[in-house]
Amino acid sequence: MFSKEKITVAYTLEKCEKCGMQKKRKFSEGDVLFAEISKCPSCDGMTVIDKIFGETIEQ
């Protein structure tokens with residue numbers, strides 16, 4: 001039998017507080033929940049880290 005190797009990849013979800021736009025990207029060291037990251041490219045609101053999560057991939 002073959003056993004599948006599982007790899008967990010961490011992601012960060014950024015969300016604009018004003019318009020609600022969301023952007024998913026790979027987690028980078030120093031990411032902290034609810035930290036203000038940058039200005040939203042579509043509305044000039046502030047984007048914050050809304051969620052940090054992992055997705056498991058089987059190979």
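This briefing covers strands, salt bridges and a surface patch in one protein model.

The model is predicted, so local features need pLDDT of at least 70, side-chain atom pairs count only at pLDDT 80 or more, and totals for chains, interfaces and linings use all residues. Residues are numbered from 1 along each chain as its sequence is written, and side-chain values use heavy atoms, with hydrogens and water left out. Glu14, Arg25 and Asp31 are linked in a network of salt bridges. A salt bridge here is a side-chain nitrogen of Lys or Arg within 4 Å of a carboxyl oxygen of Asp or Glu. By this rule the count comes to 3 salt bridges.

**Strands and the hairpin**

- Strands are DSSP runs (E, at least two residues), numbered from the N terminus.
- Strand S1 covers residues 6–16 and strand S2 covers residues 22–26.
- S1 and S2 run antiparallel, joined by 5 bridges. Two strands pair if DSSP finds at least two bridges between them.
- Glutamate 14 has lysine 23 in S2 as its bridge partner.
- The hairpin of S1 and S2 has 5 residues between the strands. Glycine 20 in this hairpin takes a positive phi near 85°.
- In a regular strand, side chains alternate between the two faces of the sheet.

**The salt-bridge network**

- Arginine 25 forms a salt bridge with glutamate 14, and their closest N and O atoms are 2.6 Å apart.
- Arginine 25 lies in strand S2 and glutamate 14 in strand S1, so the pair ties together parts that are 11 residues apart in sequence.
- Arginine 25 and glutamate 14 are both buried. Buried means under 20% relative accessible area, exposed means over 50%, and partly exposed is in between (1.4 Å probe, protein chains only).
- Arginine 25 also meets aspartate 31 in a salt bridge (3.0 Å, N to O).
- Aspartate 31 sits in the loop between S2 and strand S3 (36–39).
- Aspartate 31 counts as buried because its relative accessible area is 13%.
- Contact means heavy atoms within 4.5 Å. Leaving out residues up to four places away in sequence, aspartate 31 touches Thr12, Arg25, Ile49 and Ile52.

- Lysine 24 and glutamate 55 meet through their side chains in a salt bridge (3.1 Å, N to O).
- This pair links distant parts of the chain: lysine 24 is in strand S2, glutamate 55 is in strand S4, and they are 31 residues apart.
- Lysine 24 has a relative accessible area of 44%, so it is partly exposed.
- Glutamate 55 counts as partly exposed because its relative accessibility is 33%.

**Isoleucines and the surface patch**

- Phe27, Leu33, Phe34 and Ile52 make a nonpolar surface patch of about 380 Å².
- Patches are made of residues with over 30% relative accessible area and no salt bridge: like charges are joined within 9 Å, and nonpolar side chains (Val, Leu, Ile, Met, Phe, Trp, Tyr) within 5 Å. Accessible areas come from the Shrake-Rupley method with a 1.4 Å probe, and for residues only the protein chains shown count as cover.
- Isoleucine 52 lies in strand S4, residues 46–58. Isoleucine 52 is partly exposed, with a relative accessible area of 35%.
- Isoleucine 37 is in strand S3. Isoleucine 37 has a relative accessible area of 37%, so it is partly exposed.
- Isoleucine 37 touches Glu14, Thr47 and Ile49, again not counting residues up to four places away in sequence.
- Isoleucine 37 and glutamate 55 are 18 residues apart in sequence and 22 Å apart in space, C-alpha to C-alpha.

Note on methods:
Helix = DSSP H or I, 4+ residues; strand = E, 2+ residues; numbered from the N terminus.
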